[in-house]
Amino acid sequence: TGARIGVYGLGTMGSALALNLAEHGFDVAVSNRETEWIAPFVAGAGALRDRLTGAETLADFVAALASPRTVLFMIPSGPPLDAMIDAILPLLSPGDTVIDGGNADFNDTRRRSETLERAGLHFVGLGVSGGAEGARHGPSMMFGGSGQSWAQVHPMLEAIAAKFDGDPCVAHLGPDGAGHFVKTVHNGIEYADMQIIAELYGLMRDGAGWPAPAIGAVFDRWATGPLDSFLVEAAAQVLRAADARTGLPMVDVIRDAAGQKGTGRWTLIEALKLGQSANTIEAAVGARAWSSETATREEAATLLAGGTQSAAALPEDTLQQAFLAARIIAHAQGFRILSAASVEYDWSLDLARIAEIWRAGCIIRSALLDTVAEAFRGDLPHDHLILAPAIRDRLAGSIGGLRQVVAHAAGAGCPVPCLGAALAWYDTMRQARGSANLIQGLRDYFGAHGFARTDDAGDHHGDW
Ligand code: 6PG
């Protein structure tokens, strides 16, 4: 007897997951550092109250759990989590499972897994996507941990997960940090997708001069075509909303300085360590950083020369194509990082399954991911998404739009760092003979670094 799972941390995500679990018939013990949150949370759970047991101390919390125990931490994944692990370890027994459902740096997850493994316990890094709404009614979850912990926990996760045509959006992706790594890359793609949306909004606002609600209507129309996705729907809603205080469109009174908690940056750091470069994600992280240099930008706006061509409106259809092409490219780059990590860490990541569990529940859920999943199940030359037949078809129909939008933006002086990055990468990847031969020549010229010849791979030097 006892609760099937304990949820520690009753913030937005923790309380939503606890209610989701209770609603699916699981008894849940709940606790929180600020103990005064616990009773009101349980009392406010309505009919689900009977499935919840509040515990004020860690000892009571652990004692309320059935063995082998499952503890889900929904707290910030930095030092607070390490402190909690230290505190709870002596109360747990071999065979118990500790889950971190926050956005953690997968390197920390690997370290924590090792520590717990030494004590005979299982540590799970669980990526949870979908925000508060997802956590309450169906998130997408990326599980990294031992087979035993998966066997212990998956019935609960499958019950509470979002469903795509009945298929639960949760999977055992690999050991230790695999789940958190995949969640990190999910967020990297999320950053790129949001940046693409923001750039297209900027073009319509500054180029075409459209008011926010009119731009919202464009996103609304896109929400049912090949761009069908949560973020496009969200953009439409955000752009159509009005500010109660001024009556202006809400977006017009929001400062243009973007926050970030770190997952986008981690994606880049890990990509670079793996010898990869996801320039669409880089552009998105960079654009957020630049956005906070408000004072500089305000001054530069009056001092630095801009574009020379008119920024008049581009056809909606052209913008839509540019969006689709850039979205495909950002996904291709994200999956390329996943496949490099899979090799490096020996995870055997199932990329098709990852695309499948991203089809519902998570922030980047989209019609495109269904195509991506199919592409990974089929013929994939060089393991690269952009070469899959279905993806190539979509690129063929959309890359022209991306080219037009980037050229137009360059002429008009409208910044499109992410769209531009996508096009630069695309053109680099389809160039059978690039220009790195000159880089090699220069390296040899000033540093005698040597090069391979087109007619002989060995290590050669030029007679400069
Ligand atoms: C999700 C989101 C979620 C959160 C991000 C926001 O998948 O549900 O990605 O994890 O909204 O952490 O990240 P930034 O604050 O860095 O934009």
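For "active site", an unreviewed UniProt entry lists K183 and E190; UniProt positions follow the numbering used here, feature names are shortened, and annotations may be inferred rather than shown by experiment. The structure is a predicted model, in which local features need pLDDT of at least 70 and side-chain atom pairs count only at pLDDT 80 or more, while totals for chains, interfaces and linings use all residues. Residues are numbered from 1 along each chain as its sequence is written.

K183 is found in helix α8 (residues 178-207), and E190 lies in helix α8 as well. Helices (H or I, at least four residues) and strands (E, at least two) are DSSP runs, numbered from the N terminus. K183 counts as buried because it has 28 C-beta neighbours inside 10 Å. E190 counts as buried because 23 C-beta neighbours lie inside 10 Å. A residue is termed buried if 20 or more other C-beta atoms lie within 10 Å of its own, exposed if 12 or fewer, and partly exposed in between, with C-beta atoms placed from the backbone. Leaving aside neighbours within four places in sequence, K183 is in contact with N103, G127, S129 and M142. With residues up to four places away in sequence not counted, E190 touches I363 and I364. Contact requires that the C-beta atoms of two residues, placed from the backbone, lie within 7 Å.

The domain assignment gives domain 1 (5-176) and domain 2 (186-429); such bounds come from an automatic or database domain assignment. The centres of the two domains, taken over C-alpha atoms, are separated by 32 Å. Across the interface, 21 residues of domain 1 are in contact with 17 residues of domain 2. On the side of domain 1 that touches domain 2, the elements giving two or more residues are β6 (122-129), α6 (131-137), β7 (140-144), β8 (163-164) and β10 (170-174). Of these, β10 gives the most, with four residues. The residues of this side divide into nine nonpolar, nine polar and three charged, where Ala, Val, Leu, Ile, Met, Phe, Trp, Tyr, Cys and Pro count as nonpolar, Asp, Glu, Lys and Arg as charged, and the others, Gly among them, as polar.

UniProt (unreviewed entry) also places the feature "domain: 6-phosphogluconate dehydrogenase C-terminal" at residues 179-464. This span is 63% helix and 3% strand, and its end C-alpha atoms lie 51 Å apart.

Helix α7 (residues 147-160) has 14 residues and reaches 20 Å from its first C-alpha to its last, close to the 20 Å expected at 1.5 Å a residue; the expected span is 1.5 Å times one less than the number of residues. A kink of about 55 degrees lies at V153 in α7, shortly before the proline P155. The bend at a residue is the angle between axes fitted to the seven residues ending there and the seven starting there. The buried residues of α7 are S149, W150, Q152, V153, M156, L157 and I160.

Some backbone geometry in loops was also noted. S67 and P68 are joined by a cis peptide bond with omega of about -10 degrees, and P68 lies in the loop between α3 (58-63) and β4 (70-73). D383, although not a glycine, has a positive phi of about 65 degrees; D383 is placed in the loop between α16 (367-377) and α17 (389-396). D383 counts as partly exposed because it has 14 C-beta neighbours inside 10 Å. A448, also a residue other than glycine, has a positive phi near 50 degrees and lies in the loop between α20 (436-447) and β11 (451-453). With 10 C-beta neighbours inside 10 Å, A448 counts as exposed.
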